[in-house]
Amino acid sequence: LVFSAAFSPDSTLAFTACDDGKARIWSVASGECLNILEGHGGAVNSATFSPDGALALTASADRTAKIWCAASGECLHTLAYHSRRVSCATFSPVRVFPCDQLLS
């Protein structure tokens, strides 16, 4: 079951949040699954891209949100310690952090 779907800023990718605890990044042109983002311990409730498309953000029933590198599918940060499931998360439209800044 897909709970959420979002397009990348350039509309070439789609990002889906699913009840199997995974999020997937798809090629809009081919329909091919390019990345499966694994690491949540519960359903993924929402998925979105950063304004520049470099990062991806998921929110989960496991009480975490995760920031991912959209190109590689690598989890860069886990935002934990929420007292209940995280229903939705989004990026600020103003401040964008490149993947390499998050890794340092």
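Which backbone nitrogen does the side chain of Ser-8 reach? The side chain of Ser-8 reaches the backbone nitrogen of Thr-12, at 3.3 Å. This is a predicted model, in which local features need pLDDT of at least 70, side-chain atom pairs count only at pLDDT 80 or more, and totals for chains, interfaces and linings use all residues. Residues are numbered from 1 along each chain as its sequence is written, and side-chain values use heavy atoms, with hydrogens and water left out.

**The chain as a whole**

The protein chain has one helix and eight strands. Helices (H or I, at least four residues) and strands (E, at least two) are DSSP runs, numbered from the N terminus. Along the sequence the pattern reads β-β-β-β-β-β-β-β-α. Of the 104 residues, 44% count as buried. Buried means under 20% relative accessible area, exposed means over 50%, and partly exposed lies in between (1.4 Å probe, protein chains only).

The accessible surface of the protein chain is about 5,700 Å², and 55% of it belongs to carbon and sulfur atoms. Such areas come from the Shrake-Rupley method with a 1.4 Å probe; for residues, only the protein chains shown count as cover. A contact means heavy atoms within 4.5 Å. Among contacts between residues at least 6 apart in sequence, 37% join residues at least 24 apart.

**Around Ser-8**

Ser-8 lies in the loop between β1 (2-7) and β2. Its relative accessibility is 5%, so Ser-8 counts as buried. The side chains of Ser-8 and Asp-10 are joined by a polar contact of 2.7 Å. A polar contact is a pair of N or O atoms within 3.5 Å; within protein, one must be able to donate a hydrogen and the other to accept it, and residues adjacent in sequence count only if both atoms are side-chain atoms. Leaving aside neighbours within four places in sequence, Ser-8 is in contact with Leu-13 and Phe-49.

**The aromatic pair**

Phe-49 also takes part in a ring pair with Phe-15. Rings of Phe, Tyr and Trp (its six-membered ring) pair if their centres lie within 6.5 Å; planes under 30 degrees apart count as stacked, over 60 as edge-to-face and the rest as tilted. By this rule there is one aromatic pair. The ring centres of Phe-15 and Phe-49 are 5.3 Å apart and the planes stand at 45°, so the pair is tilted. Phe-15 is in strand β2 (residues 13-18) and Phe-49 in strand β5 (residues 44-49), so the pair ties together parts that are 34 residues apart in sequence. Both Phe-15 and Phe-49 are buried.

**Salt bridges and cysteines**

Side chains of opposite charge can pair when their charged atoms come close. A salt bridge is a side-chain nitrogen of Lys or Arg within 4 Å of a carboxyl oxygen of Asp or Glu. The structure holds two salt bridges.

| Salt bridge | N to O distance |
|---|---|
| Asp-20 and Arg-24 | 2.8 Å |
| Glu-38 and Lys-22 | 3.8 Å |

Glu-38 is exposed, at 53% relative accessible area, while Lys-22 is partly exposed at 27%.

The structure holds zero disulfides, a disulfide being a pair of cysteine sulfur atoms within 2.5 Å. Cys-75 is partly exposed at 29% relative accessibility, and Cys-88 is exposed at 58%.
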